[in-house]
Number of protein chains: 2
Amino acid sequence: MTSRFHEATARARDVTERDRANAETVERMWAADPVLVDVRPAREVVPGLTPETILTSGAPLPWNEYFGGQRSGIVGGALYEGLAADGQEADEKIRSGEIRVAACQDYGCIGSLAGIYTGSMPVLVVENRRGGNRAYCNLFEGKSPQRLNYGVYNEQVRETLRFLNDLVGPVLGEAVRLAGGIELGPIVKRALNMGDELHSRNTAATLLFTRELFGALVELAQRRHGEVRELLDYLAGGDYFFLRLSMASSKATADAAHGVEGASVVTAMTFSCREFAIRVGGLGDQWFRAPMPDVEAKLFDGHTAADIEYMGGESVINETVGLGGFAQAAAFPLQDYQGGSPERMVETNLAMYEITVGEHPEYRIPYLRFRGIPTGIDIHRVVETGITPAMDIGVAGRGGGQIGAGTLRAPIACFEAAVEEYERRYR
Amino acid sequence: MTSRFHEATARARDVTERDRANAETVERMWAADPVLVDVRPAREVVPGLTPETILTSGAPLPWNEYFGGQRSGIVGGALYEGLAADGQEADEKIRSGEIRVAACQDYGCIGSLAGIYTGSMPVLVVENRRGGNRAYCNLFEGKSPQRLNYGVYNEQVRETLRFLNDLVGPVLGEAVRLAGGIELGPIVKRALNMGDELHSRNTAATLLFTRELFGALVELAQRRHGEVRELLDYLAGGDYFFLRLSMASSKATADAAHGVEGASVVTAMTFSCREFAIRVGGLGDQWFRAPMPDVEAKLFDGHTAADIEYMGGESVINETVGLGGFAQAAAFPLQDYQGGSPERMVETNLAMYEITVGEHPEYRIPYLRFRGIPTGIDIHRVVETGITPAMDIGVAGRGGGQIGAGTLRAPIACFEAAVEEYERRYR
């Protein structure tokens, strides 16, 4: 009896401690103040990124475990950066350690699909003015299905990367510096009122961002007229430009919330070509891994489910802080792109409140009577309810390129593994 | 028996004729291709607008019937235009006919609130490339509650009007001409996917329009840098700039559909300070009038229902073609501005399908599974169902200025009067 009572008391104290730690975690997320402060080559700004390092998405794997688009993306990165003359040399140098393959998220970076970073690539530099930490994301390669981050490397991809390197990075960087930085929080807040969930839909956010930059671009056009026109064409060329900013913004937000002792809130989610994995605020840098889940996808014409290929992806950092699949009810136009129905989107969105710690005080969903987005995925709630995070993702095809989009539910196994480790560490 | 049979046959033929006429009417609405082609002083482009003419909203009234904000707006227009030295002189000259007060819609113009047009004011020139007809709207006066179209005329209002006249009109006009015109249909279509219903919410449309103009503005900044900056500040200063364009676009659309023999579809709706009125496609230029309905408004802090004052308004031309209150389910963020709930907005929107002839093939509502907006209000359906058009409107206050926003249902009496005239004419 006494022993049981003590056990219950200890458990209650643990839960209270956990609640406190989780509350601090989501409060840090809510307090984040992400600002785009610069655009620079990765080697100049990403701490620890040597010229021989290639970053890629996902919890790191041994080199021989990478396959398909992610593997060819990494090799493509080595060729683009001039680290190897051909695929075989790249493979040998990676095996020998002369070229280092590492995980984006360990460098404050966040990978789209295969998520290939090399030293010369321009990155968006997002600073969390509240926490002081920084996160980085490289640039949208445009609407062509042929992109390095979809595992394709050829002359066309190389030209696009050069264009990003020679024009978009420098001109955008100068405009951003001229503007004194662009605050991203107000853009995210407004875009949620304009049909975006900031993951698979960034239409409004891209427009709002462009408007914030326009004054600086008009200034800059005095000196660099032709380049500004090209940059504007690039910004207007797709509605996904802002995705890289929402990813960097969410990464800066999640990183600021990581590391609270006793917290059981997820602070990172990621895909490699083989696995899904999560990190937890109170469990250090360990990745909890699970095999790939199934995706409910709407594929572009001419493709079938057999064409789907996983090649990594970290844009689910947006879901980690309550956007994307956690804000579907803000983005009904997404039906068109990733399937589903309004009722299903609302249902999915509401389910996310069951597994999260709180509701964002600023980022709100109009259809849900301006309820704040569900923030802070608690691994215990996921395991207790069996409800796993919903994620809006782009779908890659075998042989490269995007072939569709869909909603995916995270596999529960990694949350179970995390709970087990949590119990081991904190009980 | 035979007589009854003949009567029924004749009725069926009439209904078939009416259906055909109504189908043609809405097909003209759907086919409209509104393009902003220029911005010019009204006297240069509005046919028949003499220097001594002042246009105002609503079915025309004798001068002594105008009161409150609409009356002071008309007098303000006379003073601004230099047609009179003071209010008394303006009053005398209007009485004597030296100054002519006329209805906006008879001149292809469309009035916001009191809707005051004088010859020198710059107007947006919207051409329906399909029908060849043109419509005009003057410019948004900015966010201050003190505006001529809300019945206020003072030094501040005068300065704003001069700014529109000296800077916004000329610079915007040059940019529009440089851009070769701006197509408005694609903007309306996209904005419906981005939280706008194009009447009380034009946030996305204003951004999309600005983006379309960016290229031309960057060109223009080479020569008129300071002015372009000022124009940009104006465009970014409120989310309502596009409302004047949606109004002109809807007016050009509705006018193109007017005049089909036998049509019972509404082609104009309007308020004066005293009355609500409609025109019907097959019933010529006659206005069918009814007393003012009640409004369900959300008022800005510090105001009560007793402060509400009608002073005219023709932005309900948007509802006439299926936007605004007919597309509320595209604009859930409006709750914040005009009250209501998502469920109520959906319910109101669905009810509009009961009184309209068809669904727009291009302008669609994401939440309603991309159902086309309900287009073409049939006076017979309104009278049969008792469902009257829902309209999203800004609410003006006694003594001038905007004090809130809300949804208003049109009074049924004008539809009944129109049906009576329809029966008289076509039976």
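User: Before we start, what does contact mean here?
Analyst: Happy to set that out, as the helix pairs below rely on it. This is a predicted model, and contact means heavy atoms within 4.5 Å.

User: With that in hand, which residues of H4(B) meet H3(B)?
Analyst: Let's take the H3(B) side to begin with: Arg71(B), Ile74(B), Val75(B), Ala78(B) and Leu79(B). Their partners in H4(B) are Gly87(B), Ala90(B), Asp91(B), Ile94(B) and Arg95(B).

User: How many nonpolar residues does the contact of H3(B) with H4(B) have?
Analyst: Sorting this contact by class gives 3 charged residues and 1 polar residue. The nonpolar class has 6.

User: Why is H3(B) roughly perpendicular to H4(B)?
Analyst: Helix H3 of chain B spans residues 68-80 and helix H4 of chain B spans residues 87-96, and their axes come within 9 Å. An angle counts as roughly perpendicular from 65 to 115 degrees. H3(B) is therefore roughly perpendicular to H4(B), since the axes cross at roughly 100°.

User: Over in chain A, what is the angle between helix H5 and helix H8?
Analyst: Helix H5 of chain A covers residues 155-178, helix H8 of chain A covers residues 225-236, and their axes are 10 Å apart. The pairing makes H5(A) roughly perpendicular to H8(A). The angle itself is about 100°.

User: Which residues of H8(A) meet H5(A), and how many residues of that contact are charged?
Analyst: H5(A) brings Phe163(A), Leu164(A), Leu167(A), Val168(A), Val171(A) and Leu172(A). They meet Glu227(A), Val228(A), Glu230(A), Leu231(A) and Tyr234(A) of H8(A). By class there are 9 nonpolar and no polar residues, and the charged ones number 2.

User: Now for the two chains together: what is the area buried between chain B and chain A?
Analyst: The interface brings 35 residues of chain B into contact with 35 residues of chain A. Carbon and sulfur atoms give 64% of the buried area. The area comes to about 3,200 Å².

User: How far apart are the closest N and O atoms of Glu343(A) and Arg369(B)?
Analyst: The rule finds 4 salt bridges across the interface of chain B and chain A. Glu343(A) and Arg369(B) form a salt bridge, where the cut-off is 4 Å. Their closest N and O atoms are separated by 2.7 Å.

User: Which helix gives the largest share of the side of chain B that touches chain A?
Analyst: Helices H7 (203-221), H8 (225-236), H11 (335-338) and H12 (342-352) of chain B each supply at least two residues of that side. By class, its residues divide into 18 nonpolar, 8 polar and 9 charged. The largest share, 11 residues, comes from H7(B).

Technical notes:
Residues numbered from 1 in each chain as written. Chains lettered and ligands numbered in written order. Predicted model: local features only at pLDDT ≥ 70, side-chain atom pairs only at ≥ 80, totals over all residues. Heavy atoms only, no water. Buried area = accessible area lost by both parts, 1.4 Å probe. Salt bridge = Lys/Arg side-chain N within 4 Å of Asp/Glu carboxyl O. Helix = DSSP H or I, 4+ residues; strand = E, 2+ residues; numbered from the N terminus. Nonpolar A, V, L, I, M, F, W, Y, C, P; charged D, E, K, R; others polar. Axes fitted to C-alpha atoms, helices over the stretch in contact; angles between N-to-C directions. Parallel < 35°, antiparallel > 145°, perpendicular 65-115°, else oblique.
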